[in-house]
Amino acid sequence: GPGNLWIDAAAERITRGRLKMDRDGSLSAHGKVDARAVQRILRHPFFNKKPPKSTGRDEFPFELFLSKTKAQGPSLVATAVAVAAESIAQSYERWVLRPKRPLRRIFLCGGGAKNSTLVSYLKLRLASVEIESLDSAGFDSQYLEAQAFAFFGFLSFIGQPLGGEWTGVKGFASPAHLLPGKNWGELLAKAQKILNL
């Protein structure tokens with residue numbers, strides 16, 4: 001769903017640009033959730049789409065959020081947090097828990113992993129599941145996207161396909177093209193050590 005988009009925008013709005021995020025959930029912790037607005041927002045067709053799926057500012061502009069709630073101040077941020085958390089919880093319930101797929105732990109990343117209000121909401125909603133930061137698994141939760149692209153580069157380097165069911169692509173996806181640079185020999189030497197070639 002909209003993730004941190006609306007949380008960040010709400011924090012910036014109520015602080016008149018002083019804050020760009022709900023740091024540690026400190027703003028949302030002092031607000032009251034507009035539960036009716038959360039219900040209205042979760043009727044958006046995106047939430048009924050089967051995963052894998054992705055979205056962003058085009059589908060979830062901040063104006064859409066503002067049109068669904070009259071919340072002000074910290075309550076605006078609390079409502080944005082509730083939308084993010086509830087959309088995550090409902091997705092796990094619908095696509096994983098109800099079909100009886102195994103789910104023991106959820107790793108959070110990005111700014112949401114550091115928002116204690118969001119994390120508490122998720123722990124309450126998904127009480128049977130452990131919820132923790134991706135940092136606990138040895139990854140830097142703030143740089144997941146960069147790490148993912150490094151992994152894709154590595155897969156390309158060793159000639160593995162980048163596609164798969166998890167991307168939404170049907171069939172084989174060819175590896176990326178590698179253009180050797182000045183450090184090509186050094187890169188090959190490091191790869192040989194890593195791969196024990």
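Me: Before we start, what counts as a pocket here?
Reply: Picture a 1 Å grid laid over the protein atoms alone. A pocket is an open set of points with protein on both sides within 12 Å along at least five of seven lines. Keep in mind that this is a predicted model.

Me: How much space lies in the largest pocket?
Reply: The volume is the space filled by probe spheres set on the grid points. For the largest pocket, that comes to about 1700 Å³.

Me: Which residues of the lining are the closest to the centre of that pocket?
Reply: The lining is made up of 47 residues, divided into 25 nonpolar, 14 polar and eight charged. The closest to the centre are G1, G3, I88, C109 and L144.

Me: Is I14 buried, partly exposed or exposed, and why?
Reply: I14 sits in helix 1, which covers residues 4-14. Beyond its neighbours up to four places away in sequence, I14 touches L27, G73, P74, L76 and V77. Buried would need under 20% relative accessible area and exposed over 50%. I14 has 25%, so it counts as partly exposed.

Me: What covers the buried residues of helix 5?
Reply: Helix 5 runs over residues 116-125, and its buried residues are T117, L118, V119 and L122. At the helix start, a side-chain oxygen of N115 comes within 3.1 Å of the backbone nitrogen of T117. The cover over those buried residues includes helix 4 (73-97), strand 1 (105-108) and strand 2 (130-133).

Terms used:
Residues are numbered from 1 along each chain as its sequence is written. This is a predicted model: local features need pLDDT of at least 70, side-chain atom pairs count only at pLDDT 80 or more; totals for chains, interfaces and linings use all residues. Side-chain values use heavy atoms; hydrogens and water are left out. Helices (H or I, at least four residues) and strands (E, at least two) are DSSP runs, numbered from the N terminus. Buried means under 20% relative accessible area, exposed over 50%, partly exposed in between (1.4 Å probe, protein chains only). Contact means heavy atoms within 4.5 Å. A polar contact is a pair of N or O atoms within 3.5 Å; within protein, one must be able to donate a hydrogen and the other to accept it, and residues adjacent in sequence count only if both atoms are side-chain atoms. On a 1 Å grid over the protein atoms alone, a cavity is a set of points where a 1.4 Å probe fits but cannot get out, and a pocket is an open set with protein on both sides within 12 Å along at least five of seven lines; lining residues have an atom within 4 Å of a point. Ala, Val, Leu, Ile, Met, Phe, Trp, Tyr, Cys and Pro count as nonpolar, Asp, Glu, Lys and Arg as charged, and the others, Gly among them, as polar.
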